[in-house]
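This report concerns the packing of helices in one protein model and the confidence that attaches to it. Please consult the sequence and the structure shown here before reading on.

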Amino acid sequence: MVNVTYDNSGSLDWVDPSDGTQWVYNPGDIAWVLASTALVWIMIPGVGFFYSGLLRRKNALSMIWASMMTLAVVSFQWFFWGFSLAFSETGSAYIGDLRYFGLKGVLEKPSIGSTKIPSIVFCVFQLMFAAITPMLAIGAIAERGRLGPIMVFVFVWSTIVYDPIACWTWNSNGWSFVLGGLDFAGGTPVHISSGTAALAISIYLGKRRGYGTERLAYKPHNTTYVVLGTVFLWFGWFGFNGGSALAANLRATQACIVTNLAASVGGLTWMLWDYRLERKWSAVGFCSGAIAGLVAITPASGYVGSPAAVLFGFMAGTLCNFATQLKFIFGYDDCLDIFASHGIGGVIGNILTALFAQASVAGFDGFTVIDGGWLDHHYIQLGYQIADSVAGMSYSFVMTTVILWIMHFIPGMRLRATEEAEILGIDDAEMGEFAYDYVGIDLGNGGHEYHDDVHSHGALPATTGGREPRHHPASVGKGHHDASSEEGEVEKREQPVVA
């Protein structure tokens, strides 16, 4: 029987039988962290909808499926040994041990993250971070990856890549934690690791069929899904960052303030940069910038003041926008720009944290003590942040590549889909299901891809379709499709199913 009692204020009291220490848990803190758990949960299908909307419709359902699959696989992995490998108190500087295998002993004891909440509350909250991270990464399989092997990949990657990075960042034994690295909610474990893994996956899979031709010069097939996914992500990020205070206090509130502000400025900044290209106010551009701002503020959200959040949003919206052009410079096919948004965005956030972290802001919770960053004249913090960023990026890229190539030589485990499956669409080839019920009328251009070739990037030359095209300024009023005629063309080619 668990020896938990309640005092007159309604707080939970637990006495450690080994030494008689009394621990008090405030129900408000527990409630906030559990609510934040649900907020981060909704982000995972949010990633699925966001990615789905950016693709062609014949591949739309696979990304939504991937989000739910990843949640399920990582939930089991976290129960099995993930939590123990990341957060056991008896682990090493790089990875935990199996002290909490199968969540044995994870219940009423103070958590390693904060003594203000019990271990089981911290465990389920951190599960959601572990689940969203591989989902961010596997967007890189879009339009050309097999779904069966990706389930195996998610389990292995979570164990070999995510858990060690989470351990060295947040575990009190971790080398980065001991060194003094500041990462409030996952700049390295979540964003740098997933963004870099996406780069490794993109390089391993190679380019999609028709890369660099008109066939892939498509716009996102469902901008509403992109906005809906962004809504889920932005909404959930209040729990992602605010919940990382692990208590309902002023620091959690400040984290929510800077999270919303960085997202807002990031969205406006990216949209304005895109406006210079086609003189259009892009919803996809706004959503991309908002997410870039959210990524950048993640490691800093419990350490920086509100004015700094404006700079975080501006820098992320600018640098991540231009980082989307790296795929053209280096010739890899990251059609969802995951590396640019999460890999580069995470590095931006980590470095800016070194500059703008303040001991006074961290102390908003009443007990956290840090040396701060450059604003507090603690200049070595930049070295700590760069070391953590480089380590996370290098480890994720190398280990992801190793996992992919080991799977490559295991029968049935190759991630790359066949050309036939790519032509047919991953939804039909791998799932036999579709995101939408519709009947395609073959007008002589292949039936399956009729819709994909209609929506091009205005006057921009054919490059790759998806999130962000190659940056070529277009003349105002020249070379743009007439929206009404384009809709009419689509309407002719697509007839709804009538029951």
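The pLDDT is the predictor's confidence in each residue, on a scale from 0 to 100. The model is predicted, and the protein averages a pLDDT of 90, with 89% of the residues scoring at least 70. Where pLDDT is low, the predicted coordinates should not be read in detail.

**Helix pairs**

The table lists how their axes approach and cross.

| Helix pair | Axes come within | Crossing angle |
|---|---|---|
| H7 (residues 223-242) and H8 (residues 250-278) | 8 Å | roughly 140° |
| H12 (residues 338-356) and H14 (residues 381-408) | 7 Å | roughly 160° |
| H3 (residues 119-138) and H7 | 12 Å | roughly 135° |

The axes of H7 and H8 cross at roughly 140°. H7 is therefore oblique to H8, and the crossing in which H7 passes H8 is right-handed. On the H7 side, the contact involves Trp 234, Trp 237, Phe 238, Asn 241 and Gly 242. These residues meet Ala 252, Ala 255, Cys 256, Thr 259, Asn 260, Ala 263 and Ser 264 of H8. Classified by residue type, the contact of H7 with H8 comprises seven nonpolar, five polar and no charged residues.

H7 also takes part in a contact with H3, where the axes cross at roughly 135°. H3 and H7 are therefore oblique to each other, and their crossing is left-handed. Here Phe 125, Phe 129 and Ile 132 of H3 meet Leu 233, Gly 239 and Phe 240 of H7.

How are H12 and H14 oriented to each other? Angles over 145 degrees count as roughly antiparallel, and the axes of H12 and H14 cross at roughly 160°; the two helices are therefore roughly antiparallel to each other. H12 passes H14 in a right-handed crossing. H12 contributes Phe 339, Gly 343, Val 347, Asn 350, Ile 351, Thr 353 and Ala 354 to the contact. From H14 come Gln 381, Leu 382, Gln 385, Ile 386, Asp 388, Ser 389 and Met 393. By residue type, the contact of H12 with H14 divides into seven nonpolar, six polar and one charged.

**Aromatic pairs**

Across the whole structure, a search finds 29 aromatic pairs. One of them joins Phe 76 and Phe 79, whose rings are tilted, with 6.0 Å from centre to centre and 50° between the planes. Both residues lie in helix H2 (residues 60-87). Phe 76 and Phe 79 are three residues apart, about one turn of the helix.

Notes. Residues numbered from 1 in each chain as written. Predicted model: local features only at pLDDT ≥ 70, side-chain atom pairs only at ≥ 80, totals over all residues. Heavy atoms only, no water. Axes fitted to C-alpha atoms, helices over the stretch in contact; angles between N-to-C directions. Helix = DSSP H or I, 4+ residues; strand = E, 2+ residues; numbered from the N terminus. Parallel < 35°, antiparallel > 145°, perpendicular 65-115°, else oblique. Left-handed = near helix turned anticlockwise from the far one by under 90°. Contact = heavy atoms within 4.5 Å. Nonpolar A, V, L, I, M, F, W, Y, C, P; charged D, E, K, R; others polar. Phe/Tyr/Trp six-rings, centres within 6.5 Å; stacked < 30°, edge-to-face > 60°.
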